[in-house]
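Reader: Please show me the model. I would like to go through it in short questions.

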Amino acid sequence: MITYFHALIRVSTSKFATFLTQQVQAHRHFDSQTQLPEQRLDQIDTSRFNVLFYELSNLNDPTQIVHLTELAKTMKVVVIARSAEFANFAFEVGAVDFLTVDATASRLEKCFDKLIHLCPLATQAERLFKAASENEQPIAAHIVVKDVGKVRLIDINDIVWINGAGNYVELHFNGNSAPVLHRETMKNIEQQLEPEGFIRIHRSTLVRKHAIKELMPTDSGDYKVKLKNNISLNLSRRYKNCLESIISPVT
């Protein structure tokens, strides 16, 4: 994701300064953050930085007030203080948000959301990020198989091939392990295991691509698929498009 925020942090409360720095560094929209040294506010390079986290400790400094007001016109200022009594001042100078030094991670996240909302490019990037996240299908580490009086957790990495009939599939493994019957359709199990490198070679057969050793053509135009454990399976003409997937380099 492209990042749009380059932050300066000037927080004198050390514990919160460390916490804030960690949160900023971990956030996807911040490309960089720099601790602001003891320098005049009017010396900040607003062409380089567009977010300022500034801890306010004195309301009696008119120069500070003037400079913060001017900075808020060209960058996003977040005012921080030890007490909520500074909140009104923060919004008078045009700050995006006001935080106290005991702000939690969830409160900081709301502050970051405000910054994103005020930046059209960041808003669009965030929308695309969330859409992609929602469309991602999590890959299960195991398959839950219900049996009489018990529930079994089958590690997906242990499965070599699968054959099915109706609403059931049979899970096959390496070695002498007996196959396991699982109530699931081939369509659903294929969708679940495709991200794990399984491909369909027959209307009733799925196989792990890494387990394939040889392809042997038959007189009928079909193929025999020989696995590394010497099991032979049929690849039907209907699934010949899988051949390219099988013989292409594994990425």
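Reader: What is the strand order of the open sheet of five strands?
Author: This is a predicted model, where local features need pLDDT of at least 70, side-chain atom pairs count only at pLDDT 80 or more, and totals for chains, interfaces and linings use all residues. Residues are numbered from 1 along each chain as its sequence is written, and side-chain values use heavy atoms, without hydrogens and water. Strands are DSSP runs of E, at least two residues, and helices runs of H or I, at least four, numbered from the N terminus; two strands pair if DSSP finds at least two bridges between them. Pairing here is antiparallel, and the order is β10-β9-β8-β12-β11.

Reader: Which are the edge strands?
Author: An edge strand pairs on one side only. That holds for β10 (180–183) and β11.

Reader: Which helix packs on the sheet?
Author: The helix touches β8 (159–165), β9, β10, β11 and β12, with contact meaning heavy atoms within 4.5 Å. Its direction makes about 160° with that of β8; axes are lines fitted to C-alpha atoms, for helices over the stretch in contact, and angles run from 0 to 180 degrees between N-to-C directions. It is α6, residues 186–193.

Reader: Is S204 buried or exposed?
Author: S204 sits in the loop between β11 (198–202) and β12 (205–208). Leaving out residues up to four places away in sequence, S204 touches I162, N163, G164 and M186. Buried means under 20% relative accessible area, exposed over 50%, partly exposed in between (1.4 Å probe, protein chains only). Because its relative accessibility is 18%, S204 counts as buried.
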